[in-house]
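Visitor: I would like a close look at one part of this model, the place where the two chains meet. Please take me through it in one connected account.

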Amino acid sequence: MNTAQQTARVGLFFLLGVALIWVTFETLSDGKIFKDNGYTLVAGFENLKELKQGDEVRMAGVKIGSVEKTRLAGRRAEAILRVEPGIKIASDATATIVMAGLIGTNYISVDLGTPGSPALADGAELHTKVTADINTIMSEIGNLGQKLEGALASITDSMKGKDGEPGLFQKIDKLVSANTESTTVTLSNLRDITTKLKDGEGTLGKLINDPKLHDDLLATVAEIKSAAADAKIFVTETQGILAQVKSGKGALGTLLYDEESAANIKATVKNFHDVSDKIARGEGTLGKLLNDDALYIGVQNTLKKADRAIDGLGDSGPITAVGVVAKSLF
Amino acid sequence: MKQLNTILLGFGGAVQLLLQSCKYLGTLPRQRARFIEQCYLIGYTTLPIVAILSFFMGSVLALQSGYSMQNFGAKQFIGSLVGLSFARELGPVIVAILVAGRVGSAITAELASMKVYQEVDALVTMNIPPARMLVMPRLAAIVVMMPILAIIGDLVGWFGGALVSKYVDAIAIDPEAYFSALRRYMKFKDVATGLVKAEIFGFVVVLICCSIGLNTRGGPREIGASVTRAVVASLISILVLDYFVTKALM
């Protein structure tokens, strides 16, 4: 082999090696050959958990980019996301850190947002939401386990008893033992009652067993229904009457709701009041009749005279009756 | 005590040879033809065996790990396992061992022959330092070729793992998933670490082989003994250095 051929082969081999190193570098450094494809978004979180550079960004499960960088920014952690060109992310879309596996693989999930929302521009900030990671869940499960253990211990204590206090079962046992006699009597009474009920004895037994009582009950109910219907009609009529009265119709309506009648009644009452006043003061014929004794005395004298005249008439005969009356009177 | 003395002598001789070679680094452009020849011998002719060995090492690694990992449902991580193992550890070590076995033994045999047959003495007589003409081009060639052999070894090993993962029924993982897992858990830093390790191993192997070859004393029988000693010393150095370099690069 001549030197030129050897040199060419070595040169080719060298170039191949350098190319392979370069391809490996580009592939592993950011997952693609050409950098700065697409645009970046900033997602701020309280804690990035296991998220690291190169992790995927997915929208509805489809990979749309990757985490370009993670950094601390003041009191929060920020993930710089590189999103593929042509993918629009709505301004109200929310990013969450999602756990892909139990061994610490995470990715950022971005939801679709509201249709019609404006798309985020390069360098814009995404809304984020905190989700529970496996550590939080485990911690919660641990707390739950402790609470469960406490609850079970309390139940066990109440069942078995604690510090010399009898447990629930002991208490129940004691209660049952102490009241065995009463319980037996009660049960016996209950058995008697149910037997009587079954045999149709007593009011309740008859109520249950006697069909006549049932029929009577049905009839009574029918009567009550009928009475209720009558009452309903009565109430309806009464309501009609009341409506008429309220509308001022009829004597009662006029009396209650007619202004003119009210004025007449008031005037009549006032007249009565005036008349009664006059009578009380002895004015007028009726007042004098009631208050003046002279009229009474006069009438009494007249009646006495008439009495005497009648007596004289009886004695003298009817022919002189006129003369007697005239004499008695004059 | 005598063995320790031999080791120390060998270590000292190698360091001395390295310093002498570095002194002649400026003469490299003038020795371009020699450098190209060494690149050809060290790199180009070693490529097939590196590729074959790496391919089957990757395949076996995928097969073994896939067989074990399917028991607990983690076979989707075969890609990352094979990738990381090859890039960080297996690739550089395999390539260095192959270089020690194939190139290192040849270098020692050649230099030991030259030494035994007094060619080296002739060079010295002509005021041509052996470090300049025989050692420096080889060291320069291994420095250039070793990362290339290592990256090819890595890639072929990954590819072998991917093929086994796809076509072995017990594993049955698509190459896409395999390389996705590989990429997910790997950074170029892992590969670069492996390349640096391969560089160091290769350089040490060539230096040891040159040093032992040039220090051969006696007759032709010593040539074989020097080759054996050079290969053994190279392998031990590779594995001892592996630990310390790995720890230093972590």
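Guide: In this predicted model, 26 residues of chain B are in contact with 21 residues of chain A, contact meaning heavy atoms within 4.5 Å. Because the model is predicted, local features need pLDDT of at least 70 and side-chain atom pairs count only at pLDDT 80 or more, whereas totals for chains, interfaces and linings use all residues. Residues are numbered from 1 along each chain as its sequence is written, chains are lettered from A and ligands numbered from 1 in the order in which they are written, and side-chain values use heavy atoms, with hydrogens and water left out.

The size of an interface is often given as the accessible area lost when the parts come together. Here chain B and chain A bury about 2,300 Å² between them, 77% of it on carbon and sulfur atoms; buried area is the accessible area (1.4 Å probe) that two parts lose on being put together, summed over both. Of the area that chain B buries against chain A, 27% is supplied by B:Tyr40, B:Arg183 and B:Phe188, more than by any other three residues.

On the side of chain B that touches chain A, α2 (32-44), α6 (130-167), α7 (175-184) and α8 (188-214) of chain B each supply at least two residues, helices being DSSP runs (H or I, at least four residues) numbered from the N terminus. The most comes from α6(B), with nine residues. By residue class, this side of chain B divides into 21 nonpolar, one polar and four charged residues, with Ala, Val, Leu, Ile, Met, Phe, Trp, Tyr, Cys and Pro counted as nonpolar, Asp, Glu, Lys and Arg as charged, and the others, Gly among them, as polar.

Of the 330 residues of chain A, 18% count as buried, which means under 20% relative accessible area, with a 1.4 Å probe and protein chains only.

Methods: Buried means under 20% relative accessible area, exposed over 50%, partly exposed in between (1.4 Å probe, protein chains only).
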